[in-house]
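These entries record what I looked up in one protein model, taken element by element.

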Amino acid sequence: MYTILGSGRFAYELVRGLDVDTKDILVIDEDENNLKELKKEGFSVLLVDGLSSDVIKDNIKSQDKVFILGEDPIKNLKLVNITKEHFPDITIIANAPGREIEDEMGRIKGVVPIRISDSVTNALKSALETRIKEKTATLLRKILQKAGSGTVAIFTHNDPDPDSMASALAFSAICENEGLSSKIYHGGEISHQENLELVHLLDIELHRIEDQDELKIALNNSSKVVMIETAIPGENNVLPSDFVPNIILDHHPTPREVAASDLVDIRSDVGALSSILTTYLQQLDVKMDAKLATALLYALKVDTKSFTRKVSPTDLRAAAFLSPFADENLLKRIESPPMTPSTMDVIGNAIVNREVKDGVMFSAVGYVEERDALPQAAEFLLRESDVKVVGLCGIRGYNIHISARSNDPSIHLGDVVRRTFGNLGSAGGHPGSAGVQISLDKVNIEDKSDKELIANEVANMCRKMFFTGFGIDISAKTI
Ligand SMILES: [Mn+2]
């Protein structure tokens, strides 16, 4: 049985929405007008003089589910308390207009407070959002339908990450759906094993722009130019700074106004651009395949740190939509790509050479074949218990590289390495991950051909500086 106390307009909607027999619902109210309509529709109603303790005791049974839907917060709280006095284990859903009442009701066992007016506002807002999304998707389709002959040129930021690659892939699927050819361009390099694995396993075709001539050709052949996850021409992308693209899609707030001739869609409240592209794919009825769904879902996981960071309802809806299409095995293989033998060697040496002081670990591995081995090894080293910071130093070509990682939220690693190494080369990064690159010229070595000597000198210098950077005093002992 469902008992509804203090009916009003919400009760009317609720009882008609409840998927149960009309005889299983009893509405009790003091206002005859509120009950008239319901009575006409066959619901059991009870008109009372006042919602007194006796009325509640006599008309509710302990197994009932109770809704208290009046609009007066104080009265609702009183009714909750009276009902609980008689039936301590009963479930009550109560309208709690206002934060204070909501908090107070929330503390009572078995009471679920809801702010009905908020729910109404949210429903209205989400209806508006849906409408705006539909309109933007229709607008995008119109823009693409007007694209002349040529290729739609999709530009990501220089060193594309999973989110930009998956979003670019989604955009080319949209183009294909409209009967247009497209090409994805980027300027820099694709690094990180996982990213390379993503490109390789999903067979993503990316074109790297090497020089101005190539850029010119790409732009001349394009019917429309789209910027993906990069919004300011010339900043972290190969486009000229005075260029105006047709479309900009991003999910990062931009420091200044950006301009596109056809469409700008930047939603900085969404965790991954891939989620925004997923919405477009849905709205435009683009056929989803395993490759695209896997790429988008992987990107979504990376950008939201497996749904623990900056997740919005749009991201969750995208994940729910994508997961049935995604290839679980493929996803697993991208997430833990096979390691090269030389990376294994680097990890081995890094473990052997490690030194830990006050939770700070430093290790040096001398010359490395792949620069990417350093961050992978640094991440691995951070798994040692009680270690909160790792700095791993290696040499590649004429450069010293340090990959640093931290799991201590009180430390901003990027700031520390910039302070410590900034005057020798490029150094900086994020709170949890940072990097340093220093030319070998900065190290005082007489015999430049003796690689072992160089490696030792570099290790000593970096070790001393790294520990000192974290305020750890060390004697200049040789590793
Ligand atoms: Mn992103």
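Entry 1. I take buried to mean under 20% relative accessible area, exposed to mean over 50%, and partly exposed to cover the range in between. The model is a predicted one. I then looked up Gln193, which lies in helix 8, residues 193–202. Its relative accessible area is 12%, so Gln193 counts as buried. I also listed its contacts, leaving aside neighbours within four places in sequence: Gln193 is in contact with Pro337, Pro338, Glu370, Asp372 and Gln376.

**Entry 2. Domains.** I read the domain assignment of the chain, which gives domain 1 as 2–114, domain 2 as 134–335 and domain 3 as 341–469. Between the C-alpha centres of domain 1 and domain 2 I noted 50 Å.

Entry 3. I traced an open sheet of 6 strands in the order 3-2-1-4-5-6, with parallel pairing. Strand 3 (44–47) and strand 6 (111–114) are the edge strands, each pairing on one side only. From one strand to the next, the twist averages 15 degrees.

Strand 5 (residues 91–95) and strand 6 run parallel and are joined by 4 bridges. Opposite Ile93 I found Val112 in strand 6. Helix 5 (residues 99–106) lies across strand 5 and strand 6, and it runs at about 165 degrees to strand 6.

**Entry 4. Helix 6.** What span does helix 6 reach from its first C-alpha to its last? I recorded 43 Å for its 30 residues, 116–145, which is close to the 44 Å expected at 1.5 Å a residue. I also checked burial along helix 6: Ile116, Lys133, Thr136, Ala137, Leu140, Ile143 and Leu144 are buried.

**Entry 5. The manganese site.** Which residues are the protein donors of the manganese ion? I found Asp163 (OD), Glu229 (OE), His251 (NE2) and Asp303 (OD), at 1.9 to 2.3 Å from the ion. The spacing of these donor residues in sequence is D-x65-E-x21-H-x51-D. Asp163 belongs to helix 7 (residues 162–177) and Asp303 to helix 11 (residues 290–303), so this pair ties together parts that are 140 residues apart in sequence.

Are these two aspartates, Asp163 and Asp303, buried or exposed? Asp163 has a relative accessible area of 0% and is therefore buried. Asp303, at 13% relative accessibility, also counts as buried.

**Entry 6. Ser275.** I located Ser275 in helix 10, residues 273–283. With a relative accessible area of 0%, Ser275 is buried. Not counting residues up to four places away in sequence, Ser275 touches Val270, Leu300, Thr314, Asp315 and Ala318.

**Entry 7. Ala218.** I found Ala218 in helix 9, residues 212–220. Its relative accessible area of 3% makes Ala218 buried. Once neighbours within four places in sequence are left aside, Ala218 is in contact with Tyr185 and Ile209. I also looked up the separation of Ala218 and Val416: they are 198 residues apart in sequence, and 41 Å apart in space from C-alpha to C-alpha.

Entry 8. I traced another open sheet of 6 strands, with the order 13-14-15-16-18-17 and mixed pairing. Its edge strands are strand 13 (355–357) and strand 17 (426–429), each of which pairs on one side only. The average twist from one strand to the next is 15 degrees.

How many bridges join strand 15 to strand 16? I noted 8 between strand 15 (residues 389–396) and strand 16 (residues 399–406), which run antiparallel. Gly394 stands opposite His401 in strand 16.

I closed with the helices on this sheet. Helix 15 (residues 373–381) packs on it and touches strand 14, strand 15 and strand 16. The direction of helix 15 makes about 155 degrees with that of strand 15. Helix 14 (residues 341–352) lies across strand 14 (360–367) and strand 15, and it runs at about 130 degrees to strand 14.

Methods: Residues numbered from 1 in each chain as written. Predicted model: local features only at pLDDT ≥ 70, side-chain atom pairs only at ≥ 80, totals over all residues. Heavy atoms only, no water. Helix = DSSP H or I, 4+ residues; strand = E, 2+ residues; numbered from the N terminus. Expected span 1.5 Å × (residues − 1). Buried < 20%, exposed > 50% of the residue type's maximum accessible area, 1.4 Å probe, protein only. Donors = N, O, S within 2.8 Å, 3.2 Å for Na, K, Ca; no water. Pairing = 2+ DSSP bridges. Axes fitted to C-alpha atoms, helices over the stretch in contact; angles between N-to-C directions. Contact = heavy atoms within 4.5 Å. Domains from an automatic or database assignment.
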